[in-house]
Amino acid sequence: MAGKAAAPGTAVLLVTANVGSLFDDPENLQKNWLREFYQVVHTHRPHFLALHCQEFGGKNYEASMSHVDKFVRELLSGDAMKEYNRARVYLDENYESQEHFTALGSFYFLHESLKNISQFDFKAKKYKKVTGKEIYSDTLESTPMLEKEKFPQDYFPECKWSRKGFIRTRWCLADCAFDLVNIHLFHDASNLVAWETSPSVYSGIRHKALGYVLDRIIDQRFEKASYFVFGDFNFRLDSKSVVETLCTKATMQTVRAADTNEVVKLIFRESDNDRKVMLQLEKKLFDYFNQEVFRDDNGTALLEFDKELSVFKDRLYELDISFPPSYPYSEDSSQGRQYMNTRCPAWCDRVLMSPSAKELILRGSDASATRGPPARPPCSTRSHVLRQLHRQTRLSATARRPAPHVASARTALRTSLTYLTVVSARVTSSRNIGIF
């Protein structure tokens, strides 16, 4: 970076990734993931880099401890990160505490050229200079440089043991203060239950949890600041609407358990074409016959079913989505572009921001190009596109090289890789403005 004229503002890179599977296969998935991550850092060359991880350590944290330590050491001392001479790492490793454990990991890296930055001490209620590289783990509840909470069990009573929650830190670049919130919301426990209603019962659970977090970070305990909330929101497409659109002319067969008469499977068959099976739906199975529907044109035709964020339209902003659904990609490293047949593909991993945070990254840019995402086509139009796509791919499902998952808006860029969701932008340092 030395020797190049600096663009106005501080280059900030926000990255979120659910990394649970990386620790189950460190020799393959973890190496590939790190290579992709380093490439993103090299491409954007940020001054301030924030990496939010969910399910850090995998499903069995105790068994993955050695892999966790190696992963952290690599990030802190690898050649690709040598220009970042200061770092703060917050790892929730207290897996024995069912009451507090969230499996969240937050990494913050400061470039050697970045001078005027400090971090907020929530206990002392003042900013402190950031020096050196420090790792905090075990009991994060007592660490004054962050706030961490696990959602109450009654938020998701169906799950006996949940690791969902959030970690909040606050930073100040020059005179520009902002919160960074690492979040993991509740998943869909059953495809069958999610299909029953529109919106699904799980959508309501996520809305309640996210509303709690937003209320928490703007309450009266501290001075208000702009905020970026990025992590695994587990937002799903409206399942009932998606199925009805994909299987408009299909007939449905219901399979029930012999002993309980409970619905255990739904089979959707074409009315003609030898009654070909189009979709099979079970608790943890979403097997649609052609995945091209979810990848074609970067999934644009599916965006009308991505409704969960609309409840917070006055409180959260998002850059335009121009990449395919980020979940659930295959965990087989040889099939990284394929979706697993477990869930309906969806944009679970998001980078969201408050209205004032949006102004921070868009200030000084061409308003016509960056004030917001382009208007989405009417719902009826996109439904038609999706049905038309289904008819085309049913006749000839041709293999195509996936297009780069990139969308740009001059001063802001959003990218989705196999296991990364990224926002890169420049933050202009001046007083916080607008509605938080």
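This is a predicted model: local features need pLDDT of at least 70, side-chain atom pairs count only at pLDDT 80 or more; totals for chains, interfaces and linings use all residues.
A residue counts as buried when its relative accessible area is under 20%, as exposed when that area is over 50%, and as partly exposed in between.

Side chains of opposite charge can pair when their charged atoms come close. A search of the whole structure finds 21 such salt bridges. Three of them are described here one by one, followed by a group that is linked together.

A second salt bridge joins R206 to D188, with 2.8 Å between the closest N and O atoms. Here, too, distant parts of the chain are linked: R206 is in helix α4 (residues 201-217), and D188 is in the loop between β10 (176-184) and α3 (191-196), 18 residues apart. R206 has a relative accessibility of 0% and so counts as buried. D188 is buried as well, because its relative accessibility is 6%, which is under the 20% cut-off.

K240 forms a salt bridge with E244, and their closest N and O atoms are 3.7 Å apart. The two residues are four positions apart in helix α5 (residues 239-246), which means that about one helical turn separates K240 from E244. K240 is partly exposed, at a relative accessible area of 22%, and E244 is also partly exposed, at 46%.

Through shared partners, E147, E149, R168, R170, D179, R216, D219 and R221 are joined into one network.

The structure holds one cavity of 30 Å³ or more, and the volume of the largest cavity is about 40 Å³. Which residues line the largest cavity? Its lining consists of F286, Y288, Q291, F294, Y339, M340, N341, R343 and P345. Sorted by class, this lining has six nonpolar, two polar and one charged residues. R343 is the charged one, because Arg is counted in the charged class.

Key. Residues are numbered from 1 along each chain as its sequence is written. Side-chain values use heavy atoms; hydrogens and water are left out. A salt bridge is a side-chain nitrogen of Lys or Arg within 4 Å of a carboxyl oxygen of Asp or Glu. Buried means under 20% relative accessible area, exposed over 50%, partly exposed in between (1.4 Å probe, protein chains only). On a 1 Å grid over the protein atoms alone, a cavity is a set of points where a 1.4 Å probe fits but cannot get out, and a pocket is an open set with protein on both sides within 12 Å along at least five of seven lines; lining residues have an atom within 4 Å of a point. Grid points are joined across faces, edges and corners, and a volume is the space filled by probe spheres set on the points.
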